[in-house]
Amino acid sequence: MINTLLIFPIIAAVLVLVIKNKKFDIAMVNLYALLHFVITTMICCGFGNKNASAYFAVDDTNLIFLLVLSVVYLAVAVYNAGYAKNFEVSERRISHYSFMILVFVLSMTGTLLSTDLGLAWVLVEATTLSSAYLIYFNKTKHSIEAAWKYVFICSIGIALAFVGIILLNISSANVNTLNFNELYKYASSFDVNWLKMAFVFMLFGFGAKMGLAPVHFWLPDAHSEAPSPISALLSAALLNSAFLVIVRVYKIETLAGCANSARFLLILMGFISLFITAVFVYHIKNYKRMLAYSSIENMGILSIGLALGGIAYYAIILHLIGHSLAKASFFLTSGNVLELFGTKRIKSVNGLLKADKKTGWLWIVSFLAICAFPTSVLFISEFLIVKTMVEQKHYILCGLFLLLLTIILYGIGYVIIKTSLGKISEDKVKLIEENRHKVSVCMYIPQIIMLILVFVLGIYIPPFLNNIIKLAVANF
Amino acid sequence: MTDGFIILFGLTMLYLAATSRIIAHIRLLIIQGVLLFLICCGEHANGLNIIFMIIETLVVKSIVIPWFLYRVLKKTHSNRDAAANIPHFYCLVISSIILLGGFLLSNYYISSVKLISSMYFGVSISTIIISLWLITIKHKIISNVIEFITMENGIFLLSLSVAKEMPMLVNMGVLLDVFIAVYILGLFVNEINKEFKDLEVSNLSDLKDYEYND
C-alpha cells in the first residue's frame, strides 16, 4: 500500500521525462495526486498494510501529516491543471516541471513516512534539491536569486542538522541505531549534555527548512518567486514535513528528561518568528511575500504550541491542518490575482472584487480563514494555545502572543482590504479583460473546497479525523 | 600516523583562508579528499565499508567534485576572489585562532569522553566553523560553493570521530545528497554567470521587503 505511494511517482517521473507531452505530464501529476489521496484515505479508514518495509511505515504520529499532504497536493494538482495551460514555454520545460513536482512530493511523502532519522535527513535534503528547479522555473533574475538562496541556506542548515545527528549518535553511547522507535526506547539512557547540544543543531537545521526565524531568510524569497502552485506546496506541505522531524526529535528529548532546554529554544524561536513577521508584514510591498511571512508566523505558533505541551498538542495539530488548507488556498488565489493583474505589487492591485468577483471573495475568505475568524479551525487552535498559556501561568508570554498576532492581523488585513476594494486603475482595466480567460474553473474549485473544510472543521470534526488527531497527540 | 593526516587536514583550512586564487582552492579540495581517504584507511577495515569509503573519498571527493568545479570555473572565467571583506592576513590569523580553539576545546573538555577521539573532534569542529565564517566574507559565488564542500568534509571527519558506524543507507544517502547539491549549485553558478555577467554575491541582493523591484 505505502509502497505504491513511493514507487508510482518514480515510474511516473521516468515516463514524464521520456514522453515529452504537455497533456500527459499534467495528467501524471494529477494521477499521482489522486492515487495519493485514495491510498491515504484507505489507510486512514484502516485498510491496507501500514508497514511497507523496515524504513517506511505509517504510525500514529505521521498519519495526520500524510493526510494533510494528500489533501493539499490533490488541490494543488487540480489547480495546476488549469494553471499549466497558461504556460508559454517549451514542452521540454513542462516535462521537467512535472518531473520535479513528482520527485518533490515523493521526497516529502518519504520524509513523513520514514522511520529512521538518517533517512528522514536524506529525504529532507532531497526536497530542497527537487524544489530548487521549481522555484527557478520562471528563469528571471529574481527567481535565480531566490533559488540560489534557497538551496544554499537550506543545504547549510541541513548539513548542520547532520552534525546534530552525529552528536545524537555520540550521546546514545552503545545504542547504534537511528530508528525512531529504538531511539525512543533507549532515550532515558542517553547522555543528556550531548543530547541537548544535538537538539540545538537539529532545531536550527530542520528549523531552517521549516521557516522558523532567525533562519527563515530563504522563505519569503522562495515563496514569492515560485509559481503559485509551488508556493502553495512549499508553504502547506514542505514546512509541515520538516516540523514532523522536529516533533520526533523533541520526543527523544522529552523521554531523555531534558525537555526544558528544548522547550526554551522552541519558545524563543517561535516568538522571534512572530516578532519578525509583525515587523516586516507591516510595510510590505509584495503580496506573495506577505503570505510567506504569514507562514513564518504560523510556524512560530506551531513551535510555541509544541513547547507548551498538554492541550496545546491537540491545538497544534488543528493549527497544522487549518494553516495548510487556508494557506494553500491563499497562495493559489494569489496565483489568480497574479494572472489577472500581472504584478505582485500591492500598490498596483486595486478593486479585486470588481475585476473578478470569485477571486475577490476567495481572497477575502482565505484571509478570514488564516486570521482565525470564527468558525475557522485556526480560531479554535489559537484559542486553545492561549488557554494553555493562561493555565500554565505564562501571563506575559500570553500578552505578547496576543499583541503580536493582532499586529500581524492588522498588517495583513490592511493589505487585503486595500487590494479587494476600491476602483481598478484605468490602465489595468484593459489588461484584466485580456487576462480574464486565463483563470479557468480549475483555478477556483480547489480553494472553495479547502476553505469550506477549514470553516466546517471549526464546528464539526468528524469522528474518524478526531480519532487520528487523538492518536497523534497521544504519541507526541 | 592518522593524527598527522588530521593535522594536515586542519592546515589545509588555513591555506584556504590565506589564498585568493580559486584554482588553488579546487586543488585544495583534491588534497582534502586524499587526506580523508588516508585517514579512513587507518580506521575501518570492514570489507563493504572500506569500498564505500574509497568511493566516497577518492572518487567523489577528490575526483568528481573538483573536476566538475574546474569545468564550471573554466566556463565562468573567474580566477580570483580578490576583494574579500577582510584582508588575507587577518583571515589567516582568525582561522588559526579558531583552529587553536578547536584543539583546546577537544583536549580539555572532550578528552574525557570515551567514544570519540579528541583530535578528530577538534579539527572537524574548527573546519566547520572556519568554512561557515569564510562563506560570510567571500565575494564570489563559486568560493561559497567551495567552502560549502569543505564544510561537508569537516562533517565527514566528525562522523569518523564517532567510534560507531552510521548505517550504510544513511551514508549512501548523505553522499548522494551532497553530490547532487554540489551539482545543482554548479548549474546555478553557470546560470548566474549567464544572467549577470560575473559571479559577485552582491548581484544577488535584489529581493527586498521594503522595496518592490520586479
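Helices here are DSSP runs of at least four residues, numbered from the N terminus. With that in hand, start the tour. Keep in mind that this is a predicted model.

**Stop 1: A:K139**

Select A:K139. This residue sits in the loop between helix 5 (117-135) and helix 6 of chain A. Check its backbone: phi is positive, about 55°, although A:K139 is not a glycine. Most residues other than glycine have a negative phi, and most peptide bonds are trans. Is A:K139 buried or exposed? A:K139 counts as exposed, because it has 12 C-beta neighbours inside 10 Å and the limit for exposed is 12 or fewer.

**Stop 2: all of chain A**

Zoom out to chain A. Colour by secondary structure and you will find 20 helices and zero strands. The radius of gyration is 21 Å, close to the 23 Å that the globule rule gives for 476 residues, so chain A is as compact as a globular protein of that length. Along the principal axes, its C-alpha trace spans about 70 × 55 × 45 Å. Of the 476 residues, 61% count as buried. Now take the contacts in chain A with a separation of 6 or more: residues 24 or more positions apart account for 82% of them.

Switch to confidence colouring. Chain A averages a pLDDT of 92, and 100% of the residues score at least 70. Within chain A, confidence is lowest in helix 18 (residues 426-435), with a mean of 87. The highest value belongs to helix 19 of chain A, at 96.

**Stop 3: the nonpolar core**

Select A:L102 and A:I135. In the largest nonpolar core, which has 245 residues, these two touch the most other members. Which helix gives the most to this core? Helix 6 (residues 141-171) of chain A does, with 21 residues.

Next, jump to chain B for a second, separate core of eight residues. Among them are B:C91, B:I98, B:L99 and B:L134.

**Stop 4**

Select residues 357-370 of chain A. This is helix 15, with 14 residues. At 1.5 Å a residue it should span 20 Å, and its end C-alpha atoms are 20 Å apart, which agrees. Of its 14 residues, 10 are buried, so helix 15 is largely enclosed by the rest of the structure. The buried ones include A:T359, A:G360, A:L362 and A:I370. What covers them? Among the elements are helix 12 (287-308), helix 13 (311-341) and helix 17 (395-420) of chain A.

Pick A:W363 in helix 15. A:W363 has 24 other C-beta atoms within 10 Å, so it is buried. Leaving out residues up to four places away in sequence, A:W363 touches A:T333, A:V337, A:L352, A:I416 and A:S420. Then draw a distance to A:Q447: 84 residues apart in sequence, the pair is 9.6 Å apart in space, C-alpha to C-alpha.

**Stop 5**

Step on to A:A372, in the loop between helix 15 and helix 16 of chain A. Its phi is positive, about 65°, although A:A372 is not a glycine. A:A372 is buried, because 23 other C-beta atoms lie within 10 Å.

In the loop between helix 15 and helix 16 you will also find A:T375. A cis peptide bond joins A:P374 and A:T375, with omega about 5°. Another cis bond joins A:A213 and A:P214, where omega is about 0°. A:P214 lies in the loop between helix 8 (192-210) and helix 9 (218-225) of chain A.

**Stop 4: A:L325**

Select A:L325 in helix 13 of chain A. With 30 C-beta neighbours inside 10 Å, A:L325 counts as buried. Its contacts beyond four places in sequence are A:M450, A:L453 and A:V454. A:T375 is 50 residues from A:L325 in sequence and 14 Å away in space, C-alpha to C-alpha.

**Stop 5: where the chains meet**

Show both chains. Here 35 residues of chain B are in contact with 36 residues of chain A. Helix 6 (141-161) and helix 7 (168-196) of chain B each supply at least two residues of the side that touches chain A. The largest share, 13 residues, comes from helix 7 of chain B. Colour that side of chain B by class: 23 residues are nonpolar, three polar and nine charged.

Definitions and conventions. Residues are numbered from 1 along each chain as its sequence is written. Chains are lettered from A and ligands numbered from 1 in the order in which they are written. This is a predicted model: local features need pLDDT of at least 70, side-chain atom pairs count only at pLDDT 80 or more; totals for chains, interfaces and linings use all residues. The expected span of a helix is 1.5 Å times one less than its number of residues. A residue is buried if 20 or more other C-beta atoms lie within 10 Å of its own, exposed if 12 or fewer, and partly exposed in between; C-beta atoms are placed from the backbone. Two residues are in contact if their C-beta atoms, placed from the backbone, lie within 7 Å. A nonpolar core is a set of buried Ala, Val, Leu, Ile, Met, Phe, Trp, Tyr and Cys residues joined through C-beta atoms within 7 Å. The radius of gyration is taken over C-alpha atoms; the globule rule is 2.2 Å times the number of residues to the power 0.38. Ala, Val, Leu, Ile, Met, Phe, Trp, Tyr, Cys and Pro count as nonpolar, Asp, Glu, Lys and Arg as charged, and the others, Gly among them, as polar. pLDDT is the predictor's confidence in each residue, from 0 to 100.
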